[in-house]
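Please open the model in your viewer and follow the stops below, selecting the named parts as you go.

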Amino acid sequence: MGAKKISNDNCEQAGFITKLKSEGLINFGQFFSKETVKRWNDLLDPLFAGGSDEEKSYVKIDKLHSLGIFNEFFNPAMRSMMNSIMPDPVLLCFHVYETGHSEKPHVFSESFDGWHRDVNDLPGLSCQDPNFISIFVHLTDVEYEGGAFETIPGSFEGPLASEQESVRVTGEAGTTYIWNRCLLHKANPNKSQRKRRMLKISFQHNYLQNEHIISKPFEDLLSVVKASDNKDAFLEFILGSEHRFSPRACTIDPYQDFTGSYTPFKANSSVKIGLFNFVKGVLFYMRKARKMFGP
Ligand SMILES: O=C(O)CCC(=O)C(=O)O
Ligand SMILES: [Fe+2]
């Protein structure tokens, strides 16, 4: 796929974008049919079998691909919905997880009762714009006390305050919604006896730093998809095929040749890194490399 120019044109044509910008949350209802969800669950059941009632467990992207769920998820409606949000979506998460009975939220339970934002500081980007998106698909019915995801519409910035109105997303299996990861949100404790099974995907612009897309599971899957007989440029792109040069690869076309005049700077200094900062830098990259390539 060639370089694409980043533009908001397709965003403006899609009616739900205005709502997504103001509230940060859109419910698409039964995006996937009951039959589809049942088929996916039949494939997933054996992989989730066993484990205690409290346990949290995952089926990861490679497995979901080999089961056919990955390809089926990206149906034409899903592709056009994602492309309406941004022209250059790249994944950072695609997995199914189950959360069992618990008195505490399964993430960030130590902070403000589980309330958190996934992304805070976006130099140069507006939090309200849909730059960091997650899609959730309930694979089990989720009731109010069944570990429902909760968020505060419009809470892109500013502190958490008591009495703010929030939405707990309940709904039958197949319920699909998208939300801006800059919103304040939490996972409620699952007080029911049923495990909550959720399909989660997250995506963001190709040009943004993305450590996930350069991790082994994603890179391995990109190779598999590239080797497939059915060439699929969309799947290759969302798996980072254009993200190859650095974590900050940019696919924006140059506007035009710059013709204005400028004065080159003359070197008048040099970089000096003290031993302390050098060692700190080395340790930082060693830790990062271990995280990326380690066991
Ligand atoms: O599992 C949930 O309901 C929410 C988890 C969460 O905080 C997230 O996916 O960012
Ligand atoms: Fe989160």
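Begin with ligand 1, whose shell of residues divides into three nonpolar, two polar and two charged (Ala, Val, Leu, Ile, Met, Phe, Trp, Tyr, Cys and Pro count as nonpolar, Asp, Glu, Lys and Arg as charged, and the others, Gly among them, as polar). To display this shell, select Val107, Asp118, Ser134, Phe149, His185, Ala187 and Lys200, where a residue is near a molecule if its C-beta atom, placed from the backbone, lies within 6 Å of it.

Before moving on, note that this is a predicted model, in which local features need pLDDT of at least 70 and side-chain atom pairs count only at pLDDT 80 or more, while totals for chains, interfaces and linings use all residues. Residues are numbered from 1 along each chain as its sequence is written, and chains are lettered from A and ligands numbered from 1 in the order in which they are written.

Next, select Phe108, in the loop between β3 and β4 (132-138); strands are DSSP runs of E, at least two residues, numbered from the N terminus. Its phi is near 55°, a positive value in a residue other than glycine, and Phe108 counts as partly exposed because it has 17 C-beta neighbours inside 10 Å (20 or more would be buried, 12 or fewer exposed, with C-beta atoms placed from the backbone).

Then go to Glu163, in the loop between β5 (149-151) and β6 (167-169), where phi is near 80°, also positive. Glu163 counts as exposed, because 4 C-beta neighbours lie inside 10 Å.

Finally, colour the open sheet of six strands, in the order β1-β7-β4-β9-β3-β2 with antiparallel pairing (two strands pair if DSSP finds at least two bridges between them). Its edge strands are β1 (25-30) and β2 (56-59), each pairing on one side only.

Terms used
Helices (H or I, at least four residues) and strands (E, at least two) are DSSP runs, numbered from the N terminus.
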